[in-house]
Amino acid sequence: LDVVVPRRFLYDPKISPKQAMEQSNQEMVGSQNDARTAALRYLRAPHTYLRDTYFSTFSTADSRHGDLSKVESSIKALSPSSIHISLDGTGGPSGGLAFTLATIVAVAAPDVLHGKSVAVSGTIAPDGTVGKIGGIDQKLEGSHIAGAKYFLAPAGDCQEISHKPQGMTVIPVTNLDDAFMRLATLGSGTI
C-alpha cells in the first residue's frame, strides 16, 4: 500500500514541521502518562477480567512471579514514576493502549500471549477508555509487514478500514478491560 500524500493532508498547514514534531512529542508524553494512570487503575481495580477470570483460569502457575501474592505485592509497590516507557522515533498518542497493556502484561500476566504476535494501537484515557487513532490502514499494513497476525484496534476506527492485509485478524476494543480480555482469550486460543 504505497501512497504519496501531500503534507497538508497530514499536518496543519499553519504550523511548521518543527512545531508539528513538538506537538507530536507532547502528545506522546501525554499518552505515556495516561497509560501509566490507566494501567495502575486497572491493576488495582477489584473487578476486572484480569482479577475475576485471568488469575484463576489462565495463570494458575505463573512462571515469572511464582504465585498471586507476589503479583499483588508488585502491584502495590507500583507508582507512576516506577513505570518506565521508552520508545524512540515516534510520536503522537496512538500508542497509549499498547503502553498500558504492556505494563499490565509485564507486571501481572507475562504469559498471556503464549507466543502470539499481536499489534495494538489506540489512544487511552486514564479511565481505560480506548480512543480513535489516525492512519488505521497504514498501521495495519505496517503491523502485517512486521509479522503480526492480530491487531487490537479502537472499535471506532474499524469501520474506516479500507484494506485489511491477508491473514490479519482485526479485533475491535472499546476499553482496557475489553482489550485485556481479548489478549487473554487470544493467547489461550479461544478467540
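How do the residues of the lining of the second largest pocket divide into nonpolar, polar and charged? The lining comprises 5 nonpolar, 6 polar and 1 charged, where Ala, Val, Leu, Ile, Met, Phe, Trp, Tyr, Cys and Pro count as nonpolar, Asp, Glu, Lys and Arg as charged, and the others, Gly among them, as polar. The model is predicted, with local features requiring pLDDT of at least 70 and side-chain atom pairs pLDDT 80 or more, while totals for chains, interfaces and linings use all residues. Residues are numbered from 1 along each chain as its sequence is written, and side-chain values use heavy atoms, without hydrogens and water.

The second largest pocket has a volume of about 160 Å³, taken as the space filled by probe spheres set on grid points joined across faces, edges and corners. A pocket is an open set of points on a 1 Å grid over the protein atoms alone, where a 1.4 Å probe fits, with protein on both sides within 12 Å along at least five of seven lines; lining residues have an atom within 4 Å of a point. Among the lining residues are Met28, Phe99, Ser121 and Lys139.

The whole structure contains 3 aromatic pairs (ring centres within 6.5 Å; planes under 30 degrees apart stacked, over 60 edge-to-face, the rest tilted). Tyr42 and Phe180 form a tilted pair, at 6.1 Å centre to centre and 50 degrees between the planes. Because Tyr42 lies in helix α1 (residues 17–44) and Phe180 in helix α7 (residues 176–188), this pair ties together parts 138 residues apart in sequence; helices are DSSP runs of H or I, at least four residues, numbered from the N terminus. Both Tyr42 and Phe180 are buried (under 20% relative accessible area, 1.4 Å probe, protein chains only). Ring pairs link Tyr42, Tyr49, Tyr54 and Phe180 into a cluster.

Note on methods. Phe/Tyr/Trp six-rings, centres within 6.5 Å; stacked < 30°, edge-to-face > 60°. Helix = DSSP H or I, 4+ residues; strand = E, 2+ residues; numbered from the N terminus. Buried < 20%, exposed > 50% of the residue type's maximum accessible area, 1.4 Å probe, protein only.
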